[in-house]
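Dear colleague,

Please find the structure below, followed by a short account of what was found in it.

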Amino acid sequence: MTVFNSRKTEYKDKIRAIATNEKVKLRIVVPRSVSCHGAQLCITKEGEPPAYYSMFWAGMCGDSHEYWELHFSATTSGLYFYHFELETDWGKSFIRNVGRGIGDFAPDGGDFQQTVYDDEFTTPDWLKGGIIYQIFPDRFSFSGAAKNGVRESRVLRKWGEEPFWKEEQMNGIWNNDYFCGDLKGIEQKLPYLADLSVSCIYLNPIFEANSNHRYDTADYEKIDPLLGTYEDFVRLCKEAKKYNIRIILDGVFSHTGIDSKYFNKFSNYDTVGAYNSKDSEYFEWYKFTEYPDEYKSWWGIRLLPEVIEENESYREYICGEKGILRKWLRTGAAGWRLDVADELPDVFLDDVRKAVKAENKNALILGEVWEDATNKEAYGERRRYLLGDQLDSVMNYPFCDTVLNFIKFQNADAFFDGVMSIIENYPPQVLNILMNHIGTHDTERAITRLAGPDPEGYGRQWQHEHNRLSDYDYLKGISMMKLATLIQFTLPGVPSIYYGDEIGMQGMKDPFNRACMDWDNKNEELLKWYRRLGEIRHGTDVFKNGDFKEYFCSHKTIAYSRENEKSEVIVAINLDEEMITVSLSDEWSNCYTLLGNSPVNNALYLEPYRYSLIIRYK
């Protein structure tokens, strides 16, 4: 019998983060042979000395085990780490974390994590149960509108051509080829997005910049002229609202462009930039080491000079009452995605939340964090993104890896470990609005990752040679995408579609994953599948806040449930080479099949690579 399992309700009644002053019941099951005559919870808030709480004997568990229990609560938010210590006839014994949430007698094991968030922490409800659609603006849709105020140095390409990837193609100017996707083009495609049941569009940067990715901001106050105008953005937000779609913007605040009105190295702007004079109003924003040509830059990329986010002038410009954050919220944006949030200091993130919520308490603050955001360490500090004072949500890279790795490598135990590690650590109001992507502008496309070779360690020449799947691998990839998205759309959080994934677009890493939306070559089978998943999410309330529970786990087969007070769904996927039977309890005798195999005689019989999504109403 297991001594402790932090992911089972019989040992821990809340498998999640808890609010301040909220009690969580902890129970250990100790063998009588240990001769335990005293048990304690040893719990340490990070940065403080450990505290000990006595547990009480709570009765027998069969003839050979006994229960020890207590209720724990905390008055302050933070990360708490705990284990159990027993007094026995043979001295002190320790129950520690040996992995996958399991506690055992292991003096050298680790501690369990308990996240405690502020009890007043709330997140926007409008995203729960929704679907995010990510757009790389230059490559999604070109309206055909004339372009004004565009630099002659920009290379305008024909829609659908391959993005430049060779150095000689770029004439020494990287990321300078543009396909003229624009805001009006996105507006024209709103019916298409509504047909996918999209509720939120996440736009990669749209502010004036001098690269096609626009992560080198030149002017936070202006829309890039190739994308359109201020009025175009206002109209896009208004038209999207008619389809119940909100727009969130990408905020790049850890650095600017070298070619910007703030730094202005090439004097292309009529401002006195930091590079032009130490008397510039922007001089104190930057980290010069030897003025003017030596300065700190983002990851050593000299085109991206770092800003000092702690600087009061910079924080006022971004976060002040008349700052950038509030300006674009007033214009119609519904929130911000913060680029490299883990590189933004706490004082800046605190100000971001104050500014955004002062302007619109329902606006979203979504951070780019690639790891578990509850215990992330950056620059020598434990971060506090999700305790109530900073972010509402993060990009859920751990789920992305978990989903794609299961479909590709078929390890059911690893799947549940990956999912439960996030569920266990995250506040529920965060969990329900996590950005659950399976690919973004920073990764190879999902179908390529699933059915193609691994590009890690290979350069652009190799990636170009392997950028297209064979016909066989492509068809295999479509089938794998359907299984991956079935999981993606039914896990806690909000699925995010990277533009073109729904029509089967392929691509290795940047720039191959940033090709033009292939409107004339859609994989109709996959697109129909995405539409059906969207319909199911839109019509099934349990995906807003339903509890997640492992239902079946065997080698290459998984089944899990999502349940709330109104309904329950079960998702089952068999990646084994033989038929697997998943038994169901009697309460499933009157269920409905939404996708895949239907139950027969209170069981799901899943042939190899088959799936099922069923629902019952209470």
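**Findings**

Glu281 is exposed, with a relative accessible area of 56%; exposed means over 50%, buried under 20% and partly exposed in between (1.4 Å probe, protein chains only). This residue, Glu281, sits in the loop that joins β18 (246–251) to β19 (288–290). Helices (H or I, at least four residues) and strands (E, at least two) are DSSP runs, numbered from the N terminus. Between the C-alpha atoms of Glu281 and Ser313 there are 8.8 Å, while the two residues are 32 residues apart along the chain.

Please note that this is a predicted model, in which local features need pLDDT of at least 70 and side-chain atom pairs count only at pLDDT 80 or more, whereas totals for chains, interfaces and linings use all residues. Residues are numbered from 1 along each chain as its sequence is written, and side-chain values use heavy atoms, with hydrogens and water left out.

Glu321 belongs to the loop between α4 (312–319) and α5 (324–331).

As for the whole protein chain, there are 14 helices and 34 strands. Of its 618 residues, 61% count as buried. The C-alpha atoms fill a box of roughly 85 × 55 × 45 Å along the principal axes.

Yours sincerely
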